[in-house]
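Colleague: I would like to go through the reading of a helix and its packing. Please take it step by step.

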Amino acid sequence: MPETEPWEYSLYIPNDPRAVTVCRRTLRLILTMHGLMRLVDVAELVATELVSNAVRHTKGPAALRVRWSANGVLRIGAWDADPSPPEPPRPFAPELEGEDGRGLALVRACADVWGWHPLSRFGNRGKYVWCELGVAG
């Protein structure tokens, strides 16, 4: 499949911290199979942060969504069942702070653009937090 052909994948996961590794490895395989190895490292980082937040901060299932557009943009997103907005990214702070709370700041630093929106479908509520990486990523 040529790089200009759009495609999309969704991986539904349980609320289990081990699912983050499954998502990361699945994403690596998807990008490798589509000839997008140059995006793998940064894509894995942002996907890990998005999916980790979905699993750690909600109680229900989640999903990883990956979409390649014909104009060379990779969109990576995580859906979860909690409609509450994500905490805004905090600036990176000195080493004195703990390990938590930097996920969306990493996403913001690595992605070209990021955002979120609430979802409601078939009576189910939730949110979708996403980011985009350009072909030069």
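Colleague: How many residues has helix α2, and what does it reach from its first C-alpha to its last?

Modeller: This is a predicted model, in which local features need pLDDT of at least 70, side-chain atom pairs count only at pLDDT 80 or more, and totals for chains, interfaces and linings use all residues. Residues are numbered from 1 along each chain as its sequence is written, and side-chain values use heavy atoms, leaving out hydrogens and water. Helices are DSSP runs of H or I with at least four residues, numbered from the N terminus. The expected span is 1.5 Å times one less than the number of residues. Helix α2 (residues 40-56) has 17 residues and reaches 23 Å, close to the 24 Å expected.

Colleague: Which residues of α2 are buried?

Modeller: Buried means under 20% relative accessible area, with a 1.4 Å probe and protein chains only. In α2, twelve of the 17 residues are buried, including V40, A43, A47, L50 and V51.

Colleague: At what angle do helix α1 and α2 pack?

Modeller: Axes are lines fitted to C-alpha atoms over the stretch in contact, and angles run from 0 to 180 degrees between N-to-C directions. Helix α1 (residues 18-33) packs against α2 at about 150°, with the axes 9 Å apart. That makes the two helices roughly antiparallel, a term for angles over 145 degrees.

Colleague: Which residues make the contact?

Modeller: Contact means heavy atoms within 4.5 Å. From α1 the residues are V20, C23, R24, L27, R28, L31 and T32; α2 brings V40, D41, A43, E44, A47, T48, V51, S52 and V55.

Note on methods: Buried < 20%, exposed > 50% of the residue type's maximum accessible area, 1.4 Å probe, protein only. Parallel < 35°, antiparallel > 145°, perpendicular 65-115°, else oblique.
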